[in-house]
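Please keep the sequence and the coordinates at hand.

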Amino acid sequence: MAEITLNSLAHSYGEKSDGQKEYAIREMTHVWGQGGAFALLGPSGCGKSTLLNIISGLLEPSEGEVLFDGKRVNELKPEERNIAQVFQFPVVYDTMSVYDNLAFPLRNIGVPEYKVRSKVHEVAEILELTDQLKRKAKGLSADQKQKVSMGRGLVRDDVSAILFDEPLTVIDPQLKWKLRRKLKQIHEQFNITMVYVTHDQLEASTFADKIAVMYNGQIVQFGTPRELFENPAHTFVGYFIGSPGMNFFDADLIQQADGTSTILFGDYQITASQAMLSQLTDMQASKVTLGIRPEFVHVWDGKSDDAFKVEVDYVEDLGTYKILSFLFNGQMMKARLSEDQKVPSGQVYVSFPEQWTKVYVNDYLVEPKQETQDAN
Ligand SMILES: Nc1ncnc2c1ncn2[C@@H]1O[C@H](COP(=O)(O)OP(=O)(O)OP(=O)(O)O)[C@@H](O)[C@H]1O
């Protein structure tokens with residue numbers, strides 16, 4: 001097990017046409033704590049595989065350091081780093097039996113045969129491969145091959161970490177869920193640092209205790225699934241996590257003659273705490289982006305004085321819940337209706353609870369100003 005630190009890490013594969021370096025990983029400092037189950041979540045091309053390959057040593061970063069338990073490993077080859085990596089497509093030796101495939105990483109480092117046997121059987125049991133042990137890998141289905149591939153990552157208990165790069169891509173949808181649970185169970189049993197790369201938020205949140213959301217070569221938030229949902233630190237997290245994602249609208253911060261400030265979206269005044277307004281004033285912000293999740297938009301059954309009157313566009317029935325699309329100051333927004341809620345039509349009243357209305361400046365979340373306590 002190891003704590004993995006990325007220290008001022010950046011990576012460029014080459015230069016743009018104007019001679020400037022193009023960064024697949026923009027400078028980041030990040031720590032994957034020892035023994036944690038982590039996910040690295042982001043869309044295609046954001047740099048996930050690049051980052052994983054830098055950790056495993058398949059790729060040398062152009063800038064910065066990788067540290068395992070505080071020791072620099074930049075110069076170490078992959079095999080010297082004690083990392084197991086499971087790729088998108090299974091890596092198995094077709095001519096060997098399943099048993100020999102699983103035994104391979106152990107025999108490679110000279111583990112005595114009696115220990116090999118017990119470890120192979122233990123891992124095969126967990127992955128439900130026991131009855132396949134004598135079969136040649138060649139005849140296995142893609143699912144089974146990937147299970148063998150995972151098993152090869154799991155047999156060694158001396159590894160510093162196991163890195164999974166979209167390991168369930170080739171797995172049948174019905175089995176995916178089962179294997180994800182299995183991996184979680186394995187993590188709880190062996191307590192090995194695991195980093196699981198995926199572009200699927202469901203996969204990330206069922207596997208990981210903490211998720212790093214990656215966007216455009218940077219980790220924009222590292223938090224529990226709940227933190228990412230309730231308090232997205234970056235507009236991308238709000239957009240990417242949740243189904244549908246967060247509603248965003250751009251508003252103006254207006255300074256008034258009496259020195260106070262207010263947030264206006266067209267003619268609509270958006271309620272914000274004094275601490276938030278004070279923070280925005282300190283930042284000299286004039287434009288803000290407001291974000292609220294569809295789950296937190298309050299849709300009133302009748303007229304309500306504190307709510308905004310908006311135009312219903314359409315209601316989508318998704319079985320157990322409905323999504324209301326409405327026009328607010330000309331902008332399309334969504335609200336999630338609960339099962340028992342009346343389905344509105346025409347005009348409806350909605351409100352945005354202050355607690356759930358997040359404020360962003362240049363895409364980053366703004367926290368309300370903390371009043372400093374007077375020590376006296
Ligand atoms: N060998 C390479 N040479 C040049 N550019 C590369 C190379 N590998 C990746 N890139 C570029 O680096 C960026 C990040 O790619 P990377 O594969 O790390 O992203 P990813 O998030 O893993 O995407 P995917 O899920 O599609 O694999 C992309 O713009 C990609 O085109």
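Against which helices do the buried residues of α3 pack? They pack against α2 (98–108) and α4 (142–154), where two residues are in contact if their C-beta atoms, placed from the backbone, lie within 7 Å. Helices (H or I, at least four residues) and strands (E, at least two) are DSSP runs numbered from the N terminus.

Two remarks on the source are needed. The model is predicted: local features need pLDDT of at least 70 and side-chain atom pairs count only at pLDDT 80 or more, while totals for chains, interfaces and linings use all residues. Residues are numbered from 1 along each chain as its sequence is written.

Helix α3 covers residues 113–126, 14 residues in total. From its first C-alpha to its last it reaches 20 Å, close to the 20 Å expected at 1.5 Å a residue; the expected span is 1.5 Å times one less than the number of residues. Its buried residues are K119, V120, V123 and A124. A residue is buried if 20 or more other C-beta atoms lie within 10 Å of its own, exposed if 12 or fewer, and partly exposed in between, with C-beta atoms placed from the backbone. Seen down the axis of α3, the buried residues fall within an arc of 130°, so they line one face of the helix; the arc is that of the directions from the helix axis to the C-beta atoms. The face turned away from this buried side carries the exposed residues Y114, K115, S118 and E125. Just after α3, E128 takes a positive phi of about 55°.

In helix α2 lies D100, which is partly exposed, with 17 other C-beta atoms within 10 Å. The C-alpha atoms of D100 and K119 are separated by 12 Å, and the two residues are 19 apart along the chain.

The ligand is the next topic. The residues around the ligand are Y13, A24, G42, S44, G45, C46, G47, K48, S49, T50 and H199, each with its C-beta atom, placed from the backbone, within 6 Å of it. The largest share of this shell, three residues, comes from helix α1 (residues 48–56).

Finally, the whole chain may be considered. Its secondary structure comes to nine helices and 21 strands. The C-alpha trace spans about 80 × 55 × 50 Å along its principal axes. Of the 376 residues, 36% count as buried. Among contacts between residues at least 6 apart in sequence, 66% join residues at least 24 apart.
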